[in-house]
Amino acid sequence: MTALALTNHQSFLQPPRDTGTSVCADAIYKLIQDTIKHLKEPEIWHKSDSLIAELKSIYIECSVDNWDGYSARAISFAVFTEAHSFLLSYPSTLPQPEIVPEPSGEIGFEWNFGENKIFAASVKGNNSIAYAGLLGAGSKINGIEAYSDSIPQVILQSIKRIAD
Amino acid sequence: MIQFLKSFFKALRESQTRETIPNIQDQEDLCRYIFSSNHVSATKVKYAAFLPDKNGETSVFRISGCTENEIWDIGINHVAKLSGRILKARGDFAASHVRKSSLDVISETSRHDLHANLVNWPTERDEQKLIAIELANSTKLCKP
């Protein structure tokens with residue numbers, strides 16, 4: 001019988017000291033280490049993987065002029081990196097946006113929860129976010145906020161409001 | 001003489017066509033042809049499909065009285081051919097929705113008799129976005 005001998009294990013997220021010597025004990029120890037590593041990673045790393053891939057795909061597709069057939073401006077690398085930063089900052093507890101290239105060369109994010117519940121925000125590569133939305137019948141919002149590392153609260157609150 | 005008559009009748013036809021196309025009424029239906037798959041979802045047209053081009057206009061077509069085949073024919077054989085792209089979808093909406101905002105829709109027939117532009121877009125990008133969202137909110141997605 002093979003067993004993993006753990007001593008004085010204080011916390012689940014602290015790597016235990018491995019006193020086992022067999023191949024199986026090593027495998028179990030590695031499994032525990034990988035699990036702890038995974039649990040310590042921000043959840044956004046997992047949830048936004050597909051969005052990051054979609055963002056890259058849209059950037060490649062729209063990095064040339066006239067990508068929409070109506071003389072749209074190409075999306076620049078500066079816009080792409082700001083959109084990337086936005087996704088990394090975006091809380092995983094909120095609904096994921098759809099990524100929408102805009103003819104001005106901006107990258108937008110859209111949350112559509114049906115009639116009169118649509119919100120969008122876009123980055124332009126100049127540290128600002130433009131946003132607008134319908135937050136229910138008769139309620140509208142729009143504005144421009146500075147953006148560096150964290151997403152402005154007015155945007156997060158608007159998304160929460162139409163998602164509830 | 002023949003050249004003169006050709007020019008005369010061409011000018012006559014064009015003036016008759018202009019006379020038969022009245023100003024755009026609020027109850028008229030319009031459509032926006034969409035060439036980017038990123039501007040539609042499974043059931044909706046996304047707001048960015050309506051944002052203005054670099055000239056500050058959004059190109060649309062008047063479709064009241066047209067059959068489905070005629071509407072797609074304009075999109076495929078006139079608009080798509082000009083832009084060299086593949087038509088992905090179209091969004092149908094009423095002129096009245098356009099005029100609920102600061103926008104207007106005016107006929108612009110240099111390329112096609114039924115062509116029109118959404119004009120008077122505000123310059124601020126958040127204000128443009130709000131109007132585009134309102135238009136998307138009242139638009140019906142149609143796929144070929």
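Q: Which residue stands opposite A:Val100 in S4(A)?

A: Strands of a sheet pair through backbone hydrogen bonds, either parallel or antiparallel. Here A:Val100 stands opposite A:Gly108 in S4(A). S3(A) and S4(A) run antiparallel and are joined by four bridges. Two strands count as paired if DSSP finds at least two bridges between them. Helices (H or I, at least four residues) and strands (E, at least two) are DSSP runs, numbered from the N terminus.

Q: What should I know about the numbering and the model itself?

A: This is a predicted model, in which local features need pLDDT of at least 70, side-chain atom pairs count only at pLDDT 80 or more, and totals for chains, interfaces and linings use all residues. Residues are numbered from 1 along each chain as its sequence is written, while chains are lettered from A and ligands numbered from 1 in the order in which they are written.

Q: Which residue takes a positive phi in the hairpin of S3(A) and S4(A)?

A: A:Gly105 does, with phi near 95°. The hairpin has five residues between the strands.

Q: What is the order of the strands in the open sheet of chain A?

A: The order is S3-S4-S5-S6-S7, five strands with antiparallel pairing. S3 (98–101) and S7 (140–146) of chain A stand at the edges with a single partner strand each, so one side of each has no neighbour in the sheet. From one strand to the next, the twist averages 20°. Within the sheet, S4 (residues 107–112) and S5 (residues 117–123) of chain A pair antiparallel over six bridges. One partner pair there is A:Ile107 with A:Val123 in S5(A).

Q: Which helix packs on the sheet?

A: Helix H5 (residues 153–163) of chain A does. H5 touches S4, S5, S6 (128–135) and S7 of chain A. Its direction makes about 25° with that of S6(A). Axes are lines fitted to C-alpha atoms, for helices over the stretch in contact, and angles run from 0 to 180 degrees between N-to-C directions. Two residues are in contact if their C-beta atoms, placed from the backbone, lie within 7 Å.

Q: How do H3 and H4 of chain A cross?

A: Two packed helices are described by the angle between their axes and the distance between the axes. The axes of H3 (residues 49–61) and H4 (residues 77–89) of chain A come within 10 Å and cross at roughly 165°. That makes H3(A) roughly antiparallel to H4(A). Angles under 35 degrees count as roughly parallel, over 145 as roughly antiparallel, 65 to 115 as roughly perpendicular and the rest as oblique.

Q: Which residues meet in that contact of H3(A) with H4(A)?

A: A:Leu51, A:Ile52, A:Leu55 and A:Tyr59 come from H3(A). They meet A:Phe80, A:Ala83, A:His84 and A:Leu87 in H4(A). By class, the contact has seven nonpolar, one polar and no charged residues. Ala, Val, Leu, Ile, Met, Phe, Trp, Tyr, Cys and Pro count as nonpolar, Asp, Glu, Lys and Arg as charged, and the others, Gly among them, as polar.

Q: How many residues of chain A are in contact with chain B?

A: 30 residues of chain A touch 23 residues of chain B. On the chain A side, S3, S4, S5, S6 and S7 each give two or more residues. S6(A) gives the largest share, five residues. The class count for this side is 13 nonpolar, ten polar and seven charged.

Q: Along S5 of chain B, which side chains are buried?

A: In a regular strand the side chains alternate between the two faces of the sheet. In S5 (residues 115–119) of chain B, B:Ala116 and B:Leu118 point to one face and are buried. A residue is buried if 20 or more other C-beta atoms lie within 10 Å of its own, exposed if 12 or fewer, and partly exposed in between, with C-beta atoms placed from the backbone.

Q: What stands opposite B:Leu118 and B:Ala116 in S5(B)?

A: B:Thr58 stands opposite B:Leu118. B:Ser107 stands opposite B:Ala116. Four antiparallel bridges join S2 (residues 58–62) of chain B to S5(B). Four also join S4 (residues 104–107) of chain B to S5(B), again antiparallel.

Q: Is B:Thr67 buried or exposed?

A: B:Thr67 counts as exposed because it has 9 C-beta neighbours inside 10 Å. B:Thr67 lies in the loop between S2 and helix H2 (68–83) of chain B.
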